[in-house]
Amino acid sequence: MKKLFFSVLATLIMGIGSIASAQQLTGLQIMKENDKQFDFKTEVSDMTMELINSSNKKRSRTVERFSMKDDAGLLSTLIKFLQPADVKGSGFLSVENSKDDETRYLYLPALRKSRRISTGEDSDSFMGSDFTYEDIDEMVMEDYSFKLIGSETINGTDCHKVEAVPSNEERKKISGYSKSIYYVSKDNFIVNKVDFYDKHGELFKILKGTNIKAVPGTTNFYRAYTLTMENLKTKHKTILSYSNIHINTDVDEEMFSVRMLERGN
Amino acid sequence: MKTIKIILALFSICLYHLAFSQDKYSISGFAELDHISFLKEKDNKINSRNQGILQLDVASNFSSKYSFFSSIEFRNDLSDETRDRVYVDELYMDLFFKKWDLRVGKQIISWGKADGFNPMNTLSPTDYSDVLDTEDEDIGIFALNGKFYLGSMELQLVYSTLFTSSLLPSGTSRWQVGTESTVNIQGSNYNTIYNINVSKPVDKLSSSQFAIKLSQQFNNLDFSLAYFNGYNHIPQLIQSVGTIDNTANTAEINIEQKYYRHQVISGDFSLALGKYIFKGEGSLFIPQDIPVDDQYFQYVVGLDRTFSNVIADNNLFVIIQWMHEITNNGISYAGRDFNHLFQKNIMCRLEMDLSSSTTLSLQGMYAIEYEDYYIRPELTYNISDGLNLSLLADLLGGNDDKGGLFSGYSDNGRVQAKLKYSF
């Protein structure tokens with residue numbers, strides 16, 4: 001899992017004070033401004049994932065997440081499950097070896113050993129949610145063409161509409177989407193909403209970011225503390241609620257090892 | 001009874017501490033209720049069972065330098081009292097250092113990368129009192145277990161002074177191996193009188209067991225090599241004829257259940273090939289001090305893959321594995337010998353999420369040599385977070401003339417309902 005959660009967050013957040021006036025920016029420039037929010041060394045947070053099906057039945061998962069980037073920008077992530085009880089103690093480790101390759105392990109306490117798992121596809125679901133790995137991975141700007149296509153007000157915020165379309169054959173092949181529309185605030189360049197279109201060009205998922213605020217202890221990092229992804233076809237919904245976000249706090253490199261994956265919470 | 005009192009006393013101490021420092025300890029576990037009905041009734045055997053299991057795990061969190069863990073299982077089988085138990089599954093202390101960890105106490109050590117059958121898993125025995133229900137039934141051993149970390153390399157050393165055997169089916173169990181009522185000796189038939197003698201290693205230093213495992217991780221490959229010098233958890237049955245009484249027309253048959261010492265040289269690997277995981281493990285068993293056995297090699301190789309869609313409602317997980325045993329000098333072992341169960345078997349498991357709360361799985365195994373099979377369909381419904389209801393069936397059958405495991409127990413097909421609440 002490359003760049004866990006960061007692509008989505010990247011589209012929802014901007015670096016305050018780091019941009020020129022909106023009139024001068026292209027779609028690509030707007031998206032690149034968001035990317036600066038993820039120039040961190042470490043990030044730690046708690047997250048609750050709520051899965052809601054079409055019958056309004058809810059299931060939730062609570063995890064703690066640790067992330068670290070090395071000097072080459074390669075990301076390692078450790079996720080430990082805290083709730084519910086039947087998955088408590090389980091863990092997930094992802095270590096990026098290159099931009100195209102990573103190592104993943106799953107730890108299940110009942111088995112008392114870690115299991116190497118395959119990297120799967122970008123369009124695979126992440127942790128059984130409405131998010132795919134493509135949604136949560138950091139977006140590679142070179143793989144898309146961006147186009148500013150207009151303006152729209154989202155929840156009272158005046159936003160640019162930026163269309164992102166896979167720009168090369170490989171990305172077109174592995175992506176689950178034919179295009180995505182990002183709604184970026186004209187005031188602070190935070191993306192408030194994303195529309196995802198399937199391979200047939202039909203709108204089928206909508207992501208909304210709310211509760212956006214500066215990360216405590218930082219002056220230039222912002223995060224959307226609530227993300228809601230809705231699948232219009234299945235009427236299934238996933239809500240991610242973050243808390244206790246810390247950026248560039250002390251995290252031992254040893255944390256991203258099978259040793260720590262298997263250690264109890 | 002003494003053991004139970006000690007366990008309850010230990011548990012009371014833990015609860016006492018919990019009352020005063022809840023943030024430093026955590027209690028978790030599960031409660032499980034099972035009903036099992038066998039499809040064919042047998043005389044003098046248990047034809048249906050109800051059981052309840054309560055497992056309590058207590059873990060400490062008060063230091064990054066050390067921690068404690070204990071797991072106690074209470075099991076009450078209303079039909080089979082021999083399966084009742086209050087059991088300390090694990091009770092150990094962890095010490096954490098910069099480059100190594102040490103675990104001391106009763107612990108389950110699980111080795112091997114294959115699914116379901118692990119020839120490399122030589123350290124911890126298993127509760128086979130219900131042969132079809134061995135999930136979460138590993139038994140802890142008292143051991144010193146050290147792990148040393150050198151970058152992506154790990155060296156594990158295990159030392160155990162006390163032998164712990166696997167639990168085998170009792171006399172009332174439908175899994176008890178049958179004994180013949182008569183025997184033919186030199187052309188005459190005699191009624192049999194069985195004398196069973198269990199020969200376990202004595203608790204002394206010379207009975208110590210030890211193991212070493214070296215593991216290495218690469219970007220797409222994990223592998224390890226291991227050596228074990230200790231006892232087999234499952235006994236070899238050595239049969240001999242004792243006193244023959246021509247007047248009473250009886251013959252004593254002596255059966256020695258011998259837990260013999262052996263050396264095991266093992267290796268395993270797990271290789272990521274894009275969307276697939278290719279893995280395997282193998283062990284060379286070198287028995288010692290036993291007259292009727294010889295070296296043998298068991299291995300498993302397999303492939304798994306997850307197929308996923310956008311909301312994971314139809315995720316499909318597939319495993320296929322080949323299990324094989326190679327014997328020395330063409331020795332052929334009985335198909336129902338617990339030490340040689342999987343001689344030429346193919347196993348497949350499919351697991352599919354039918355919805356966000358319902359999972360259907362199908363596991364099957366076919367023994368080529370013995371022409372018999374085992375099939376387990378299972379439907380699991382997540383009632384709420386932590387509460388799951390499972391309905392499953394175990395179906396066994398095949399060519400009984402071949403003497404295989406599954407055909408031999410074809411009358412033990414059954415259905416089961418399981419309600420499990422994790423907390």
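The legends below accompany views of a predicted model with chains A and B.

**View 1. The fold and dimensions of chain A.** The secondary structure of chain A comes to five helices and 13 strands. Chain A has a radius of gyration of 18 Å, close to the 18 Å that the globule rule gives for 265 residues, so chain A is as compact as a globular protein of that length.

**View 2. The interior and surface of chain A.** Of the 265 residues in chain A, 55% are buried, and among the contacts between residues at least 6 apart in sequence, 51% join residues at least 24 apart. The accessible surface of chain A comes to about 10,900 Å², and 47% of this area belongs to carbon and sulfur atoms. Chain A carries 37 positive and 39 negative side chains, with the centres of these two sets lying 5 Å apart.

**View 3. Aromatic rings in chain A.** Over all chains, the structure holds 21 aromatic pairs. In one of them, the ring centres of A:Phe126 and A:Tyr133 are 5.6 Å apart and the ring planes stand at 80°, so this pair is edge-to-face. A:Phe126 and A:Tyr133 are both buried. Elsewhere in the chain, A:Tyr177, A:Phe196 and A:Phe204 are linked into a cluster by ring pairs.

**View 4. The fold and dimensions of chain B.** Chain B contains two helices and 22 strands. For 423 residues, a compact globule would have a radius of gyration near 22 Å, and the 23 Å of chain B agrees with this. The C-alpha atoms of chain B fill a box of roughly 75 × 50 × 45 Å, taken along the principal axes.

**View 5. The interior and surface of chain B.** Buried residues make up 48% of the 423 residues in chain B, while residues 24 or more positions apart account for 57% of the contacts with a separation of 6 or more. Chain B exposes about 20,100 Å², of which carbon and sulfur atoms supply 58%. The mean positions of its 34 positive and 50 negative charges are 6 Å apart.

**View 6. An aromatic pair in chain B.** The rings of B:Phe163 and B:Tyr231 have their centres 5.6 Å apart and their planes at 70°, so the pair is edge-to-face. This pair links distant parts of the chain, since B:Phe163 lies in the loop between strand E7 (153-160) and strand E8 (182-185), whereas B:Tyr231 belongs to strand E11 (residues 221-231), 68 residues apart. B:Phe163 has a relative accessible area of 13% and is therefore buried, and B:Tyr231, with a relative accessible area of 11%, is buried.

Terms used:
Residues numbered from 1 in each chain as written. Chains lettered and ligands numbered in written order. Heavy atoms only, no water. Helix = DSSP H or I, 4+ residues; strand = E, 2+ residues; numbered from the N terminus. Rg over C-alpha atoms; globule rule 2.2 N^0.38 Å. Buried < 20%, exposed > 50% of the residue type's maximum accessible area, 1.4 Å probe, protein only. Contact = heavy atoms within 4.5 Å. Areas by Shrake-Rupley, 256 points an atom, 1.4 Å probe, with all protein chains shown as cover. Lys, Arg positive; Asp, Glu negative; His and termini not counted. Charge placed at Lys NZ, Arg CZ, Asp CG, Glu CD. Phe/Tyr/Trp six-rings, centres within 6.5 Å; stacked < 30°, edge-to-face > 60°.
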